[in-house]
Amino acid sequence: FSRAFKKSVGFSPSEYKITISRSNRQIRLIHLLAVLIPRISFSFHSRLFLFHRTKTSTLLLLKCVAFSQKVSYFAIPNTDLKMKHLLFVRSLLLIGALLLTQNTLGIQSRFYGAGQLSSSLITTLHQDDKGYIWIGTEYGLNKFDGLHFIEYLHNEHDSLSIMSNGIRSLNSDREGNLWVGFQTGLQRYDAGSDTFHRVTFEGTGYTPNVSAIKQLSSGEIWLIVSRLGIFTLNPEQMTARPLSRVTELCDTDHINHFHEDSHKRIWIATEERGIYCIENDFTRVTHYALTNTAKDPATLVETNRNGMIIAAGGGKIFVFNEIERRFEQLRVPQNLYLDTYDLLQRPGGDFIVATFRNGLWRINEEKKALEEYAVSFPNELNIRNANTVKLMEDSEGNLWCGCFQRGIVMIPSAPATFDVWDF
């Protein structure tokens with residue numbers, strides 16, 4: 001490729017530190033277009049790259065596909081761009097632009113399955129402060145940089161590998177530390193050494209199955225340990241201890257989820273006792289029933305953009321009526337049973353409900369009802385049967401769906417566009 005490039009254009013990519021990526025056709029074409037547009041004054045701009053032509057040089061700013069953490073700059077003197085194969089250049093430019101447009105604008109969604117991940121049994125998703133996407137599965141941890149996946153698997157001969165292949169939860173604190181919850185405990189990831197360091201759990205003789213990790217507005221980090229209640233993490237000492245006070249207030253240690261609202265109230269969803277709301281001074285707790293049954297399961301509780309408390313349990317979705325101080329059920333078409341695994345408030349406005357066998361839904365606040373959430377899934381998947389267990393929106397506004405036994409789907413926020421300016 002480099003020899004053909006030099007023969008056609010008059011210089012090789014390496015002479016101007018132009019990297020030709022063989023692993024991604026889209027990036028290769030962007031580089032190619034950048035050096036094959038002599039004496040043309042216009043700019044391309046999209047989420048992926050910026051190309052700018054001036055009187056003296058050609059500047060290319062290239063972003064890593066779908067992310068912004070890797071940026072490359074190239075300045076090519078115009079006097080070094082030869083014109084002797086202008087017809088070839090124009091033809092190649094036209095073909096490349098068509099391919100690039102198809103590659104950039106035609107993508108509706110991307111699917112990554114077992115061939116790219118350590119396992120298709122997705123359990124959790126998270127984007128860290130550096131832009132990497134982390135994917136937890138039932139067999140290993142995966143890190144995605146926009147082009148490549150890196151697998152992390154347990155190695156019994158390496159104490160700094162992940163402690164177990166069963167990943168349950170992921171989250172980053174305000175200092176940028178990535179915490180990984182396992183079926184067997186908790187570890188902190190050290191990006192500098194690419195290693196994992198274990199947290200010691202106090203006050204329990206059981207193996208801690210860490211199902212959730214969240215940082216409160218106070219800076220305190222809470223953990224949910226299955227069947228053992230809520231623990232608080234000390235990052236400096238790398239220890240975790242049980243919050244017995246919370247267990248006493250809720251009268252149970254079977255906790256599924258918790259959420260802090262804008263009033264600093266802690267809402268706790270329990271396995272068989274509905275939802276408890278703990279005031280910010282921890283002096284008062286209020287119990288709320290969801291299903292009014294002997295076993296009152298509450299699986300999730302979150303807040304939407306308007307501060308409304310939304311909960312899931314017993315196959316239904318509820319909103320909290322602040323005036324009447326009770327949860328009200330939202331209407332669902334055909335009274336479907338929604339086995340809800342995740343709730344997500346998108347910054348753009350929609351509040352999404354992810355279900356195991358009935359696709360994605362959005363909440364219509366005016367109608368107090370659920371409506372099917374229309375997104376384009378790849379042809380390999382049926383959205384209704386995709387078994388979506390985790391939702392995440394990345395820093396670019398793309399929606400990520402973790403589909404159990406399938407893989408992950410990335411749905412772009414919007415098609416990339418091109419803008420042209422004349423000088």
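What follows is a conversation about strands, a pocket, cysteines and backbone angles in this predicted model.

Trainee: Where should I begin with the strands, and how do they pair?

Mentor: Strands of a sheet pair through backbone hydrogen bonds, either parallel or antiparallel. Here β6 (122–127) and β7 (residues 133–137) run antiparallel and are joined by 5 bridges, with Gln127 standing opposite Ile133 in β7. The two form a hairpin with 5 residues between them, and Gly131 in that turn has a positive phi of about 100°.

Trainee: Which strand pairs with β7 over 5 bridges through the hairpin of 2 residues?

Mentor: That is β8 (residues 140–144), which pairs with β7 in the antiparallel sense; Trp134 has Lys143 as its bridge partner in β8.

Trainee: Which way do the residues of β7 point, and are they buried or exposed?

Mentor: In a regular strand the side chains alternate between the two faces of the sheet. From β7, Ile133, Ile135 and Thr137 point one way, while Trp134 and Gly136 point the other way, and all are buried. The strand is accordingly described as mostly covered, with 5 of its 5 residues buried.

Trainee: In what order do the 4 strands of the open sheet run?

Mentor: The order is β10-β11-β12-β13, and the pairing is antiparallel. The edge strands are β10 and β13 (195–198), each of which pairs on one side only, and the twist averages 30° from one strand to the next. Between β10 and β11 (residues 178–182) there are 5 bridges, and Leu170 has Val180 as its bridge partner in β11. The loop between these two strands holds Arg174, which counts as exposed because its relative accessibility is 51%, over the 50% cut-off. Arg174 lies 7.9 Å from Gly219, C-alpha to C-alpha, although 45 residues separate them in sequence.

Trainee: What lines the largest pocket, and which residues lie nearest its centre?

Mentor: Its lining consists of 43 residues, and Ser211, His257, Leu300, Asp342 and Lys390 lie nearest the centre. The space within the largest pocket is about 1,400 Å³. By class, the lining has 16 nonpolar, 17 polar and 10 charged residues. Several strands each supply at least two of the lining residues, including β6, β10, β15 (210–215) and β19 (255–260).

Trainee: How many disulfides does a search of the whole structure find?

Mentor: A disulfide is a covalent bond between the sulfur atoms of two cysteines. The search finds 0 of them in this structure. For Cys250, the nearest cysteine sulfur, that of Cys277, is 9.9 Å away.

Trainee: How should I read a positive phi?

Mentor: Most residues other than glycine have a negative phi. Gln334 has a phi near 60°, a positive value, and is found in the loop between β26 (326–329) and β27, where it counts as exposed at 75% relative accessibility. Gln405 has a phi near 70°, also a positive value; this residue is in the loop between β32 (399–403) and β33 (407–411) and is partly exposed, with a relative accessible area of 46%.

How values were computed:
Residues are numbered from 1 along each chain as its sequence is written. This is a predicted model: local features need pLDDT of at least 70, side-chain atom pairs count only at pLDDT 80 or more; totals for chains, interfaces and linings use all residues. Side-chain values use heavy atoms; hydrogens and water are left out. A disulfide is a pair of cysteine sulfur atoms within 2.5 Å. On a 1 Å grid over the protein atoms alone, a cavity is a set of points where a 1.4 Å probe fits but cannot get out, and a pocket is an open set with protein on both sides within 12 Å along at least five of seven lines; lining residues have an atom within 4 Å of a point. Grid points are joined across faces, edges and corners, and a volume is the space filled by probe spheres set on the points. Ala, Val, Leu, Ile, Met, Phe, Trp, Tyr, Cys and Pro count as nonpolar, Asp, Glu, Lys and Arg as charged, and the others, Gly among them, as polar. Two strands pair if DSSP finds at least two bridges between them. Axes are lines fitted to C-alpha atoms, for helices over the stretch in contact, and angles run from 0 to 180 degrees between N-to-C directions. Buried means under 20% relative accessible area, exposed over 50%, partly exposed in between (1.4 Å probe, protein chains only).
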